[in-house]
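Here is a short briefing on one structure. Take a look at the model, then read on.

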Amino acid sequence: MNIDELPTPAVVIDLDAVERNIRKMQDFVNSRGCGVRPHAKSHKSPFIAKKQMDAGAVGQCCQTLIEAEALMLNGIDHVLLTTNLASTGAIERFLNLSRNGDIKIIVDGRENAEMLAKAARHRGSSADVVVDLDVGGAKTGQQPGEPAAKFAKWITETDGLRFRGIQGYEGHLQISTPDFEERKAKAMEALGKITATIDALRALGITPEIVTCGGTGTYNISAGYPGVTDIQPGSYIYMDRRYGEIGSAGTDFEKSMTVIATVISAPTPTRAVTDLGWKGVGIEYEAIGFGGMPTPLLPGLKYSPGGDEHGILTASEPRYRPNVGDRVRFLPAHCDTTLNLYGFFYGVRGDRVEVVGPVARR
Ligand SMILES: Cc1ncc(COP(=O)(O)O)c(C=O)c1O
């Protein structure tokens, strides 16, 4: 099938660019003696995960149980679930995945950990856990250093739990700090908290097998930092307009995801209406002042939402206005939330559609 035949709106992934991004990240971590555990929240796809694993990734991170299930039931056998679970049904589903490989989950307090331990003991098994640290994001996570080490010690003494390591993802420093040197200085502070935790663990006789941190914006700061076993970038695979604006990572990786829309009405000389509305592209960055509108990849056009299934294109001059039936490609402001709106993506090489890949939506 040719790209021009696709029903729209459609999410299209440039497979050549994706493969170059994967190779670049893998070669970089290899050169730093570190591993990469890519975050599947960006791609939600066993097809892409397999490419990352074949290139040498040590595993995958997932943010939802559904992502973890999609990957583990399709041959990916090393997964770290980077969210807390706090309902018995979800914990049962998580524990079921251990039949399919090495599944681990983060914990940041006794409440969640005890729920996991109880469910695992009931099955006569143990849940593998990684202690999540608050390295500055002030969201979830144990306090680094001694508090986290004491919590880890408690885990090692609790039936039904197995301590595997620590996570210190510096999510507050990725796209919000565009200047690379400023981001680096702040990331070094976060990494210092990881070092303090490793030292506190060692003082209690515990050596973490996994020390994982780092996203796309900090990949070349965290990888190779002493003690870090692997980094967990996600967005580098597709990038997006917003990530493309930050120093270093923004130009190190290629933008590989676009959304294709069709012009379905052209009511005035400077207005065209496409089939790309709120249900076809993630625009939530607009609400927090990051600029959330997708960028039309044609000159002289500006996008604004026109409802669930409509998007308005305003042309700066009539000659730029596309006609009914024309196709317009857009660069989303945020790839993760855009992809999450679709049941599948089209993987293309040039204009040829090579694969239709399912997306593990929430
Ligand atoms: C825990 C965790 N690790 C890694 C990532 C990937 O980060 P990025 O998309 O900035 O590469 C995220 C993204 O939100 C995350 O929440």
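Helices (H or I, at least four residues) and strands (E, at least two) are DSSP runs, numbered from the N terminus. This is a predicted model: local features need pLDDT of at least 70, side-chain atom pairs count only at pLDDT 80 or more, and totals for chains, interfaces and linings use all residues. Residues are numbered from 1 along each chain as its sequence is written.

**The sheet**
- Two strands pair if DSSP finds at least two bridges between them.
- Strand 3 runs parallel to strand 4 (residues 78–81), and 3 bridges join them. Opposite Q60 stands V79 in strand 4.

**A helix across the sheet strands**
- Axes are lines fitted to C-alpha atoms, for helices over the stretch in contact, and angles run from 0 to 180 degrees between N-to-C directions.
- Two residues are in contact if their C-beta atoms, placed from the backbone, lie within 7 Å.

**Helix 4 and helix 5**
- Helix 4 (residues 88–96) packs against helix 5 (residues 110–122) at an angle of about 60 degrees, with the axes 10 Å apart. That angle makes helix 4 oblique to helix 5.
- Angles under 35 degrees count as roughly parallel, over 145 as roughly antiparallel, 65 to 115 as roughly perpendicular and the rest as oblique.
- The crossing of helix 4 and helix 5 is right-handed. A crossing is right-handed if the near helix is turned clockwise from the far one by less than a right angle, and left-handed if anticlockwise.
- From helix 4, T88, I91, E92 and L95 meet M115, L116, A119 and A120 of helix 5. This contact has 6 nonpolar, 1 polar and 1 charged residues.
- Ala, Val, Leu, Ile, Met, Phe, Trp, Tyr, Cys and Pro count as nonpolar, Asp, Glu, Lys and Arg as charged, and the others, Gly among them, as polar.
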